[in-house]
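This briefing goes with the sequence and the 3D structure shown below. The points are grouped by topic.

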Amino acid sequence: MLLWRATAGAQEDTTTAGDTARVAAMREVFAEMPQRIMPLMTRNNRLDCIDMIEGRVEAKVRNSVDQYVTLEVLNADYLRLQTSSSSTTEMKLLPYKGTQLIAMVQTVHTDHFDDSVIAFYDMQWQQQDVSLFYTEPQTDAYFHESHHAADSVSMARRAIADFHPTRMDLSAEECTLTITLQLGDMETTLRPVAEDSTQPMTMKWDSLHFTPFFR
């Protein structure tokens, strides 16, 4: 294992001197993350991933149960990990009251749908109350005007209301969260109606809370 570099020297081609502190931030947060947050990934695993991605090679290691974990993206304030063949983890540093807040989205991928959960931590890795920073959208918020008959759209709404996992994606470039309604095993006749009548929702971080944002 190479020694972890806390400066941005290895990325001089993409980083200016004034950006060094920001670029180091996510690497530092990830490296020093308590193992209780991701119990199967050791600190050495994390440091190896940082070294490899900075060396522009595939950042793929075996965790403590001999499964592969891959650090796919690491930049100033964002990372994305493939934590198993069926799960991913994203982290984003958000500006918050003169300091930063860590948003973490963990997603399980199945054959029929993806299902995500979001959590927030302060910079000491103390978990925060999710409701302070994020309010789950109601099902109706995903629907827009549709050419389908009103009765069909209403039936699709009811079917989704019974079971509607969501996929969440943090942005690597912006302080946004995109939420996509998952249709799961919805019956064949209603699926085209639901697909045509719903759209992902983008929420923008306003320095205190994720709020709906329409471009």
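**Aromatic residues in the core**

Tyr96 and Phe133 are both buried. The model is a predicted one, and the values below are computed from it.

- Tyr96 belongs to strand β4 (residues 87–96), while Phe133 sits in the loop between β6 (114–121) and α3 (150–162), so this pair ties together parts that are 37 residues apart in sequence.
- Phe133 has a further partner in Phe120; the centres are 5.1 Å apart and the planes stand at 50°, so this pair is tilted.
- Phe120 is in strand β6 and Phe133 in the loop between β6 and α3, so the parts tied together here are 13 residues apart in sequence.
- Phe120 is buried, as is Phe133.
- One aromatic cluster is formed by Tyr96, Phe120, Phe133, Trp205 and Phe210.
- Across the whole structure, a search finds seven aromatic pairs.

**A charge over a ring**

- Which residue lies over the face of Tyr68? Lys60 does, at 4.4 Å from the ring centre.

**Confidence in the model**

- The protein has a mean pLDDT of 84, and 86% of its residues reach 70 or more.
- The stretch of residues 1–24 has a pLDDT below 50; in the model it makes 34 contacts beyond near neighbours in sequence.
- Where pLDDT is low, predicted coordinates should not be read in detail.

**Overall architecture**

- The protein contains four helices and 10 strands.
- Along the sequence, these elements follow the pattern α-α-β-β-β-β-β-β-α-β-β-α-β-β.
- Of the 215 residues in the protein, 44% are buried.
- Among contacts with a separation of 6 or more, 47% are between residues 24 or more positions apart.
- The accessible surface of the protein is about 11500 Å², and carbon and sulfur atoms account for 50% of this surface.

**Cysteines**

- How many disulfides does the structure hold? The count is zero.
- Cys49 has a relative accessibility of 0%, so this residue counts as buried.
- Cys175 has a relative accessible area of 25% and is therefore partly exposed.

**Backbone angles to check**

- Most residues other than glycine have a negative phi.
- Lys97 is not a glycine, yet its phi is positive, at about 50°.
- Lys97 is found in the loop between β4 and β5 (99–109).
- Is Lys97 buried or exposed? With 64% relative accessibility, Lys97 counts as exposed, because the cut-off for that class is over 50%.
- Trp125 is likewise not a glycine and has a positive phi, of about 65°.
- The location of Trp125 is the loop between β6 and α3.
- Trp125 has a relative accessible area of 4%, so this residue is buried, the limit being under 20%.

Methods:
Residues are numbered from 1 along each chain as its sequence is written. This is a predicted model: local features need pLDDT of at least 70, side-chain atom pairs count only at pLDDT 80 or more; totals for chains, interfaces and linings use all residues. Side-chain values use heavy atoms; hydrogens and water are left out. A disulfide is a pair of cysteine sulfur atoms within 2.5 Å. Buried means under 20% relative accessible area, exposed over 50%, partly exposed in between (1.4 Å probe, protein chains only). pLDDT is the predictor's confidence in each residue, from 0 to 100. Contact means heavy atoms within 4.5 Å. Helices (H or I, at least four residues) and strands (E, at least two) are DSSP runs, numbered from the N terminus. Accessible areas come from the Shrake-Rupley method with a 1.4 Å probe; for residues, only the protein chains shown count as cover. Rings of Phe, Tyr and Trp (its six-membered ring) pair if their centres lie within 6.5 Å; planes under 30 degrees apart count as stacked, over 60 as edge-to-face and the rest as tilted. A charge sits over a ring if NZ of Lys or CZ of Arg is within 6 Å of the ring centre and within 35 degrees of the ring normal.
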